[in-house]
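Trainee: I would like a close look at one part of this protein. Please take me through a set of charged side chains and how they pair up.

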Amino acid sequence: MAVNQADILNSLEANCAKLNHYDDKKEFFYDFLHAYGLPKNTITLLRKGDASRSVGLDGDVALNRKIYFKEVEKGADLEAALANLLLEDVITKNKIRFAVVTDFETLLAHDIDADDRLSTEIELLPKQYAFFLPLAGYEKAIMFSEHPADIRASEKMGRLFDQIKQINDLSKPEDIHALNVFLTRLLFCYYAEDTGLFKEGQFTSTIKSVTQEDGCDLSSFLTRLFYVLNRPDSANTRNVLPAHYTDFPYVNGSLFAAAEPVPEFNGAARKLLIDCGTLDWSEINPDIFGSMFQAVVDTEQRGNLGQHYTSVTNIMRVIQPLAFDGLYEDLEKARKSETKLQALLERISRVHFFDPCCGSFNFGIIAYKELRRFEMAVMDALNDLHDQNQMYFSSITLDQFYGIEIDDFAAEIAVLSLWIAEHQMNNAFKEKFGHAPASLPLGKAGNILCANSLRVDWREFCPKADANGKPYEVYLCGNPPFLGNAARSSEQLEDMDFVLSTFKSNRKVDYIATFFWKGAQYIQDGGALAFVSTNSICQGVQPSILWQPIFDLGIDIDFAYQSFSWTNNAKDKAAVHVVIIGLNSKPKQKTIYKEVDGVIQKSVVKNISPYLTDGSNLAVNAVSKPLCEISPMVFGSMANDGGNLLMTYDEKEVLVNKNPSAAKWVKQFMGASEFIKNNLRYCLWLVDATPEEIKSMPLVENRVQAVKDMRLASNRSTTRNLSSTPHLFGEIRQPKSCGYIAFPQTSSERREYIPIGFMDSNVIASSKLFIIPNGSFYEFGVLTSTIHKTWLAAVGGRMKSDYSYSSSVVYNTFPWAETTKPQRDHIEALAKEVLLTREDYVGRSLAELYDPDKMPDSLRAAHKALDLAVDKLYRDAPFRDNTERLEHLFGRYEKLIAKEKAGE
């Protein structure tokens, strides 16, 4: 279990407060480890010097693979002590992560894996707790950027933020906004002094030279400096100031325009500010820059900074088919025509990119860079025609890029990131063509709006045409929040009701559906969009709710990435399964991208279905009975008993021992977990019990009375008053005289096959099982096959990543094949072989038998034989893969729906 970071902070504060009261200062080290959640047994063994844990030399406290504490005398050179400690063989031999030296006034630590350093007064150690979070399992994301400066800068800025927050009152929203603006300005100054916008090191060296070490005058210095940076070089208000101000160039009137207060500093904060300036900020990537610094203001996010960064590769998966594939195709067609090439340059000057939920604008930054690169490629093509270099000037401006973001700091960082991207691309342009616009003063940094995007009129914010009615070429792109049912706030539910007001069951779709619908309306008369989404938006009931209204607008899915793992570089490799969906009102062609063994395969298709397969726009709708002639499937019985009619094995034994006559009324009770894992549960099944019989069993009577009390208190009712029949389950669907096929509501996606089976009528199925009373071996054979699982994976829902079955959406809509009796007999024989093979492994649960890493070869072979036979029911030629199976199933489903509508 993860350690609560607030608990770590509180524990460290308590430890530091009692530092002078320790009889042995080494106890501080043990309490430190306890604060980070290390097991008590480990700390006990460490105290005893147990060789399996303790690796310290000469009485030092050191834990194998974790941390080495070394106490030094007051006045000792801590830097030298740490350097010597890092050279000791004990550090490398025992794979020590943190080397720490302290005189209990100052603490110096080195994170060996992250190559990072901490220096702090011991009383301020709690404020630096994030440095040691890897001890508690919150690993730092060390390598998700190809430039180490990105990580180092964000971590140092995080500590500076913590220090500022400690000194200043940030209780009001306007205070937080002022701090966000300050951090943005600070980041620009660091970048400027390392990239030639300012003199080299000018910002940091001036602070060191003209402000006092205790930081008391730093706030006033920065206030005046920011004032100067907002004044043209010729302004009288600038020229009356000392040279250490006026030596700074005019930046412009937007970044430094607002008179926002600068926070107060102390000596420690001043030192951190100067330390930040020692990094090489020229290596910062603006596309990663924003995501990293969003985590600066949230200490709980810093340990996993990687989860906030969308990689360039994944961004390109969105914007390349959305816009750039088409642009480069047109470039190839225009290479021999100067007129066409010039037209391309004019065209891209009217291209707009719009991310309606932009965060720190990663998508916009990459789109800007790619558009500048494309422009340079067109200019190269013109030079090739002239066989000489012409003088060209970029016509692409930041004004072509739009973003809406609800978080204030992210919006501020988005603006700064755009300026940095522009500076970098101007430098690239200058290197290629010998000239570039002056970097200062800065121009307008795009169109970034801090607001709730779903309450903004997108057409008003990002117009589709200019004042003369000439249309722009607009591309919507991004990675809006997914948010399924459990994760939505009340405000977000209100957003959904507002945007999806014309939808039935609008809260059954994910939150991201609001962006697809609003975006579809935006591009209805021209334009295109592509969003990253969880794959659930193309599963279960969601396709029938969302996609048909979009198709009705005359919009098609023009490209799609089928489900793939969207990972990040956080320690836990947190990942979700996502799709990328592109929409267009006038698609030139339709393309499906699929990842196979790490390689992206591209297929041009006639149409892309709402399930992201080659098929029609038809979505599968839930129906109350099967489309084909097949046995009905129902839920198992629901107790509605507050747990009073249900029992564990031990509870059942106590009941039967004390009331032996109750044995005939006790039945095995089975839900999905019990069915798959062989767990034992029982229930009182009193369907035919008389009041006298119940009264003769005191323990049973007590349980029945508890059910009655519960139902009266909760006022639960169905078609009858349940409190009048407290001895009965609230909903009874158990077959009386026949067995049934049991199908779990949820099953792990890891399994190659959904484990289903036959149950006797004496085993009571819970509502966590679907049941097919009197189900046949033929039905069992088809339902346990790969082709049925493929249908489930496509149209069923998900519970986290597990498959979530539905009788109305999956079973009733499943397009069963038309068969002959010999075919059915063959399937039944193979189904029996699967069941017989299971019996060879007595005592092993279905969970064990269908674990993909442990599945017996004989069982897998029996299923493969069954798969081949079931596939052959649909067509003679084998299916190449599940995609082909699914396309065939959807084709049959369409025919069944058409037949039903025709009344046949």
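Mentor: A salt bridge here is a side-chain nitrogen of Lys or Arg within 4 Å of a carboxyl oxygen of Asp or Glu. K594 and D881 make one through their side chains, at 3.5 Å from N to O. This pair links distant parts of the chain, 287 residues apart. K594 sits in strand β13, residues 590–596. D881 lies in the loop between α32 (857–874) and α33 (882–901). Helices (H or I, at least four residues) and strands (E, at least two) are DSSP runs, numbered from the N terminus.

Before going on, note the source. This is a predicted model, where local features need pLDDT of at least 70, side-chain atom pairs count only at pLDDT 80 or more, and totals for chains, interfaces and linings use all residues. Residues are numbered from 1 along each chain as its sequence is written, and side-chain values use heavy atoms, leaving out hydrogens and water. pLDDT is the predictor's confidence in each residue, from 0 to 100. Its mean over the protein is 88, and 92% of the residues reach 70 or more.

Now the cover around the pair. Buried means under 20% relative accessible area, exposed over 50%, and partly exposed in between (1.4 Å probe, protein chains only). K594 is partly exposed because its relative accessible area is 24%. D881 has 22%, so D881 also counts as partly exposed.

The pair does not stand alone. K594, R875, R880, D881 and E884 are linked in a network of salt bridges. One of its links joins R880 to E884, with the closest N and O atoms 2.7 Å apart. R880 is exposed, at 63% relative accessible area. E884 has 15% relative accessibility and therefore counts as buried.

R681 pairs with E674, and their closest N and O atoms are 3.3 Å apart. R681 is partly exposed at 29%, whereas E674 is buried at 9%.

Last, the setting. The whole structure holds 36 salt bridges. The protein has 98 positive and 119 negative side chains; Lys and Arg count as positive and Asp and Glu as negative, while His and the chain ends are not counted. The centres of the two sets lie 6 Å apart, with each charge placed at NZ of Lys, CZ of Arg, CG of Asp or CD of Glu. Of the 904 residues, 55% are buried. The fold has 33 helices and 25 strands.
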